[in-house]
Amino acid sequence: MLEPIVRFFSPQPPAVLPYYVAGAVVFSILVVILLINLPSRARKPLIAIVTFLAGLFYATEFFLPFDKATQKNILTDYLVPASKLGSLLGGMTLTLGILSLLRVHGRNIVRLRAGWYNSLALLTAMVAMVVFGLMEKYGTNSTAKKVFNVLFEGMLINMDATMFSLIAFYIVSAAYRAFRIRSIEATILMAAAFLVMLAQVPVGLALTAWIPRDSALASLRLEVIKEWLLTVLNAASLRAIAFGLGVGGLAISLRIWLSLERGAYFEKEI
(Lines give C-alpha, C1' and ligand atoms only; values in the text may rest on other atoms or scores of the structure.)
Protein backbone atom coordinates (compact mmCIF):
# COMPACT_ATOMS: atom_id res chain seq x y z
CA MET A 1 0.00 0.00 0.00
CA LEU A 2 2.84 2.36 0.83
CA GLU A 3 5.05 1.12 -2.00
CA PRO A 4 4.57 4.35 -4.08
CA ILE A 5 5.88 6.35 -1.13
CA VAL A 6 8.97 4.16 -0.94
CA ARG A 7 9.59 4.60 -4.68
CA PHE A 8 9.05 8.36 -4.36
CA PHE A 9 11.76 8.69 -1.70
CA SER A 10 14.20 6.32 -3.41
CA PRO A 11 17.23 7.80 -5.29
CA GLN A 12 16.18 9.41 -8.57
CA PRO A 13 18.13 9.83 -11.84
CA PRO A 14 19.86 13.22 -12.33
CA ALA A 15 17.56 14.13 -15.23
CA VAL A 16 14.47 14.36 -13.00
CA LEU A 17 16.25 15.65 -9.89
CA PRO A 18 15.55 19.37 -10.62
CA TYR A 19 11.83 18.60 -10.83
CA TYR A 20 11.95 16.91 -7.43
CA VAL A 21 13.81 19.89 -5.93
CA ALA A 22 11.34 22.36 -7.42
CA GLY A 23 8.44 20.25 -6.22
CA ALA A 24 9.89 20.07 -2.71
CA VAL A 25 10.32 23.87 -2.60
CA VAL A 26 6.74 24.47 -3.79
CA PHE A 27 5.41 21.89 -1.32
CA SER A 28 7.34 23.48 1.55
CA ILE A 29 6.03 26.95 0.71
CA LEU A 30 2.46 25.65 0.55
CA VAL A 31 2.84 23.89 3.90
CA VAL A 32 4.24 27.03 5.53
CA ILE A 33 1.43 29.17 4.09
CA LEU A 34 -1.14 26.62 5.26
CA LEU A 35 0.26 26.52 8.79
CA ILE A 36 0.43 30.32 9.00
CA ASN A 37 -3.18 30.75 7.91
CA LEU A 38 -4.52 27.86 9.94
CA PRO A 39 -6.78 28.93 12.84
CA SER A 40 -5.03 28.88 16.17
CA ARG A 41 -7.51 26.36 17.59
CA ALA A 42 -6.71 23.91 14.81
CA ARG A 43 -2.93 24.06 15.19
CA LYS A 44 -2.77 22.30 18.54
CA PRO A 45 -4.78 19.23 17.48
CA LEU A 46 -2.83 19.06 14.21
CA ILE A 47 0.51 19.13 16.02
CA ALA A 48 -0.73 16.53 18.54
CA ILE A 49 -2.02 14.17 15.82
CA VAL A 50 1.13 14.38 13.70
CA THR A 51 3.35 13.90 16.75
CA PHE A 52 1.35 10.90 17.94
CA LEU A 53 1.32 9.22 14.52
CA ALA A 54 5.06 9.74 14.07
CA GLY A 55 5.81 8.26 17.48
CA LEU A 56 3.34 5.43 16.94
CA PHE A 57 5.08 4.45 13.71
CA TYR A 58 8.51 4.08 15.32
CA ALA A 59 7.13 2.37 18.43
CA THR A 60 5.10 -0.11 16.38
CA GLU A 61 8.04 -0.87 14.12
CA PHE A 62 10.24 -1.50 17.17
CA PHE A 63 7.85 -3.77 19.06
CA LEU A 64 6.26 -5.58 16.11
CA PRO A 65 7.58 -9.16 15.68
CA PHE A 66 9.79 -9.59 12.64
CA ASP A 67 10.12 -12.40 10.13
CA LYS A 68 13.07 -14.60 11.03
CA ALA A 69 13.95 -15.18 7.38
CA THR A 70 14.12 -11.50 6.36
CA GLN A 71 14.73 -9.97 9.81
CA LYS A 72 11.99 -7.45 8.93
CA ASN A 73 8.39 -6.70 9.77
CA ILE A 74 5.80 -4.92 7.61
CA LEU A 75 7.07 -1.47 8.67
CA THR A 76 10.82 -1.96 8.43
CA ASP A 77 11.00 -0.96 4.75
CA TYR A 78 9.41 2.39 5.56
CA LEU A 79 12.02 3.46 8.11
CA VAL A 80 14.24 5.08 5.47
CA PRO A 81 11.42 7.20 3.94
CA ALA A 82 10.39 8.23 7.44
CA SER A 83 13.93 9.32 8.27
CA LYS A 84 14.04 11.30 5.01
CA LEU A 85 10.93 13.14 6.10
CA GLY A 86 12.87 14.14 9.18
CA SER A 87 15.65 15.47 6.96
CA LEU A 88 13.07 17.47 4.99
CA LEU A 89 11.77 19.01 8.20
CA GLY A 90 15.35 19.88 9.15
CA GLY A 91 15.76 21.63 5.80
CA MET A 92 12.58 23.59 6.42
CA THR A 93 13.81 24.72 9.84
CA LEU A 94 17.07 25.86 8.20
CA THR A 95 15.07 27.94 5.74
CA LEU A 96 13.03 29.43 8.58
CA GLY A 97 16.24 30.29 10.42
CA ILE A 98 17.69 32.07 7.38
CA LEU A 99 14.44 33.99 6.83
CA SER A 100 14.39 35.00 10.49
CA LEU A 101 17.99 36.26 10.29
CA LEU A 102 17.22 38.26 7.14
CA ARG A 103 14.11 39.79 8.72
CA VAL A 104 15.68 40.76 12.06
CA HIS A 105 19.03 42.02 10.82
CA GLY A 106 17.60 43.50 7.62
CA ARG A 107 15.28 45.61 9.78
CA ASN A 108 18.26 46.75 11.87
CA ILE A 109 20.10 47.90 8.74
CA VAL A 110 17.14 49.67 7.16
CA ARG A 111 16.28 51.56 10.36
CA LEU A 112 19.97 52.22 11.24
CA ARG A 113 19.54 50.90 14.75
CA ALA A 114 22.44 50.77 17.20
CA GLY A 115 25.00 48.25 15.95
CA TRP A 116 23.50 48.08 12.47
CA TYR A 117 26.98 47.59 11.02
CA ASN A 118 27.24 44.28 12.91
CA SER A 119 24.05 43.11 11.22
CA LEU A 120 25.47 44.22 7.86
CA ALA A 121 28.66 42.27 8.48
CA LEU A 122 26.65 39.19 9.46
CA LEU A 123 24.43 39.22 6.36
CA THR A 124 27.37 40.00 4.05
CA ALA A 125 29.40 37.13 5.46
CA MET A 126 26.44 34.74 5.25
CA VAL A 127 25.67 35.61 1.63
CA ALA A 128 29.35 35.46 0.63
CA MET A 129 29.82 32.03 2.24
CA VAL A 130 26.70 30.64 0.57
CA VAL A 131 27.48 32.05 -2.89
CA PHE A 132 31.17 31.13 -2.99
CA GLY A 133 30.49 27.81 -1.28
CA LEU A 134 28.05 26.80 -4.00
CA MET A 135 30.44 28.02 -6.70
CA GLU A 136 33.28 26.06 -5.11
CA LYS A 137 31.13 22.94 -4.89
CA TYR A 138 29.43 22.95 -8.27
CA GLY A 139 31.31 25.51 -10.39
CA THR A 140 34.61 25.48 -12.24
CA ASN A 141 35.76 29.05 -11.61
CA SER A 142 39.19 28.91 -9.95
CA THR A 143 38.86 32.46 -8.53
CA ALA A 144 35.68 31.46 -6.69
CA LYS A 145 37.47 28.46 -5.18
CA LYS A 146 40.32 30.69 -3.96
CA VAL A 147 37.90 33.21 -2.45
CA PHE A 148 36.04 30.38 -0.67
CA ASN A 149 39.32 29.01 0.71
CA VAL A 150 40.22 32.47 2.02
CA LEU A 151 36.79 32.84 3.63
CA PHE A 152 36.66 29.34 5.11
CA GLU A 153 40.24 28.39 5.92
CA GLY A 154 41.72 31.87 6.23
CA MET A 155 38.97 33.53 8.25
CA LEU A 156 36.30 31.20 9.62
CA ILE A 157 38.62 28.52 11.05
CA ASN A 158 40.93 31.12 12.63
CA MET A 159 38.03 33.04 14.14
CA ASP A 160 36.62 29.78 15.55
CA ALA A 161 40.02 29.05 17.13
CA THR A 162 40.12 32.56 18.58
CA MET A 163 36.66 32.21 20.09
CA PHE A 164 37.57 28.83 21.60
CA SER A 165 40.75 30.33 23.08
CA LEU A 166 38.67 33.03 24.76
CA ILE A 167 36.31 30.39 26.14
CA ALA A 168 39.30 28.66 27.78
CA PHE A 169 39.63 31.57 30.24
CA TYR A 170 35.98 31.17 31.25
CA ILE A 171 36.54 27.42 31.72
CA VAL A 172 39.47 28.11 34.03
CA SER A 173 37.37 30.62 35.98
CA ALA A 174 34.51 28.10 36.30
CA ALA A 175 36.93 25.38 37.46
CA TYR A 176 38.33 27.73 40.11
CA ARG A 177 34.86 28.45 41.46
CA ALA A 178 33.92 24.75 41.40
CA PHE A 179 37.09 23.63 43.19
CA ARG A 180 36.98 26.17 46.01
CA ILE A 181 36.99 24.19 49.23
CA ARG A 182 33.81 25.15 51.06
CA SER A 183 32.31 21.75 51.83
CA ILE A 184 33.20 18.09 52.18
CA GLU A 185 32.01 17.36 48.65
CA ALA A 186 34.16 20.17 47.20
CA THR A 187 37.14 18.89 49.19
CA ILE A 188 36.71 15.35 47.80
CA LEU A 189 36.31 16.73 44.28
CA MET A 190 39.39 18.88 44.66
CA ALA A 191 41.49 16.00 46.01
CA ALA A 192 40.40 13.62 43.23
CA ALA A 193 41.07 16.20 40.53
CA PHE A 194 44.46 17.01 42.05
CA LEU A 195 45.50 13.33 42.12
CA VAL A 196 44.37 12.72 38.53
CA MET A 197 46.12 15.82 37.21
CA LEU A 198 49.26 15.02 39.22
CA ALA A 199 49.35 11.51 37.75
CA GLN A 200 49.28 12.94 34.23
CA VAL A 201 52.72 14.56 34.51
CA PRO A 202 56.12 12.82 34.97
CA VAL A 203 56.89 14.83 38.10
CA GLY A 204 53.80 13.46 39.79
CA LEU A 205 54.58 9.88 38.79
CA ALA A 206 58.10 10.28 40.15
CA LEU A 207 56.72 10.94 43.64
CA THR A 208 55.59 7.31 44.05
CA ALA A 209 57.97 5.64 41.61
CA TRP A 210 60.01 4.28 44.54
CA ILE A 211 57.16 1.90 45.52
CA PRO A 212 57.78 -1.53 43.91
CA ARG A 213 55.05 -2.60 41.51
CA ASP A 214 54.87 -6.11 43.02
CA SER A 215 54.75 -5.05 46.65
CA ALA A 216 51.76 -4.83 48.95
CA LEU A 217 51.92 -1.04 48.71
CA ALA A 218 51.67 -0.99 44.89
CA SER A 219 48.09 0.26 45.12
CA LEU A 220 49.48 3.51 46.57
CA ARG A 221 51.34 4.33 43.36
CA LEU A 222 49.92 7.46 41.80
CA GLU A 223 49.16 5.92 38.42
CA VAL A 224 47.25 3.09 40.13
CA ILE A 225 45.21 5.58 42.14
CA LYS A 226 44.47 7.59 38.99
CA GLU A 227 43.39 4.48 37.10
CA TRP A 228 41.11 3.45 39.98
CA LEU A 229 39.55 6.90 40.16
CA LEU A 230 38.90 7.02 36.42
CA THR A 231 37.79 3.43 35.77
CA VAL A 232 35.88 2.69 38.98
CA LEU A 233 34.50 5.85 40.59
CA ASN A 234 34.36 8.07 37.51
CA ALA A 235 33.04 5.36 35.18
CA ALA A 236 30.34 4.35 37.66
CA SER A 237 29.30 7.99 38.06
CA LEU A 238 29.13 8.48 34.30
CA ARG A 239 27.03 5.33 33.90
CA ALA A 240 24.66 6.56 36.61
CA ILE A 241 24.36 9.95 34.90
CA ALA A 242 23.82 8.29 31.51
CA PHE A 243 21.15 6.02 33.02
CA GLY A 244 19.40 9.01 34.56
CA LEU A 245 19.57 10.89 31.27
CA GLY A 246 18.07 7.90 29.48
CA VAL A 247 15.18 7.59 31.92
CA GLY A 248 14.57 11.34 31.77
CA GLY A 249 14.69 11.30 27.97
CA LEU A 250 12.21 8.42 27.88
CA ALA A 251 9.84 10.29 30.20
CA ILE A 252 10.10 13.49 28.14
CA SER A 253 9.58 11.51 24.92
CA LEU A 254 6.42 9.91 26.28
CA ARG A 255 5.10 13.28 27.41
CA ILE A 256 5.76 14.84 24.00
CA TRP A 257 4.35 11.81 22.16
CA LEU A 258 1.11 11.91 24.15
CA SER A 259 0.96 15.73 24.04
CA LEU A 260 1.20 15.95 27.81
CA GLU A 261 4.12 18.33 27.73
CA ARG A 262 3.35 21.88 28.75
CA GLY A 263 4.98 24.70 26.86
CA ALA A 264 4.76 26.87 23.77
CA TYR A 265 3.13 24.21 21.60
CA PHE A 266 0.63 22.73 24.01
CA GLU A 267 -0.32 25.37 26.53
CA LYS A 268 0.19 28.86 25.13
CA GLU A 269 -1.47 30.49 22.17
CA ILE A 270 0.37 29.75 18.93
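Are Phe62 and Phe63 buried or exposed? I looked this up before anything else. Phe62 is exposed, and Phe63 is exposed as well. I keep in mind that the model is a predicted one.

**Entry: fold.** I went through the elements from the N terminus and noted α-α-α-α-α-α-α-α-α. That gives the protein nine helices and zero strands. I then looked up the radius of gyration: it is 28 Å, while the globule rule gives 18 Å for 270 residues, so the protein is more spread out than a compact globule. For the C-alpha trace I wrote down spans of about 75 × 60 × 45 Å along the principal axes.

**Entry: burial and contacts.** Of the 270 residues, 13% are buried. The protein exposes about 20700 Å², and I noted that 74% of this comes from carbon and sulfur atoms. I also took the contacts between residues at least 6 apart in sequence; 37% of them join residues at least 24 apart.

**Entry: charges.** I found 24 positive and 14 negative charges, with their mean positions 10 Å apart.

**Entry: aromatic rings.** I looked up the aromatic pairs and found five in the structure. One of them is Phe62 with Phe63: the ring centres are 5.1 Å apart and the planes stand at 90 degrees, so I list this pair as edge-to-face. Another is Phe148 with Phe152, with centres 5.8 Å apart and planes at 10 degrees, so this pair is stacked. Phe148 and Phe152 are separated by about one helical turn because they are four residues apart in helix α6 (residues 142–179).

Conventions
Residues are numbered from 1 along each chain as its sequence is written. This is a predicted model: local features need pLDDT of at least 70, side-chain atom pairs count only at pLDDT 80 or more; totals for chains, interfaces and linings use all residues. Side-chain values use heavy atoms; hydrogens and water are left out. Helices (H or I, at least four residues) and strands (E, at least two) are DSSP runs, numbered from the N terminus. The radius of gyration is taken over C-alpha atoms; the globule rule is 2.2 Å times the number of residues to the power 0.38. Buried means under 20% relative accessible area, exposed over 50%, partly exposed in between (1.4 Å probe, protein chains only). Contact means heavy atoms within 4.5 Å. Accessible areas come from the Shrake-Rupley method with a 1.4 Å probe; for residues, only the protein chains shown count as cover. Lys and Arg count as positive and Asp and Glu as negative; His and the chain ends are not counted. The place of a charge is taken as NZ of Lys, CZ of Arg, CG of Asp or CD of Glu. Rings of Phe, Tyr and Trp (its six-membered ring) pair if their centres lie within 6.5 Å; planes under 30 degrees apart count as stacked, over 60 as edge-to-face and the rest as tilted.
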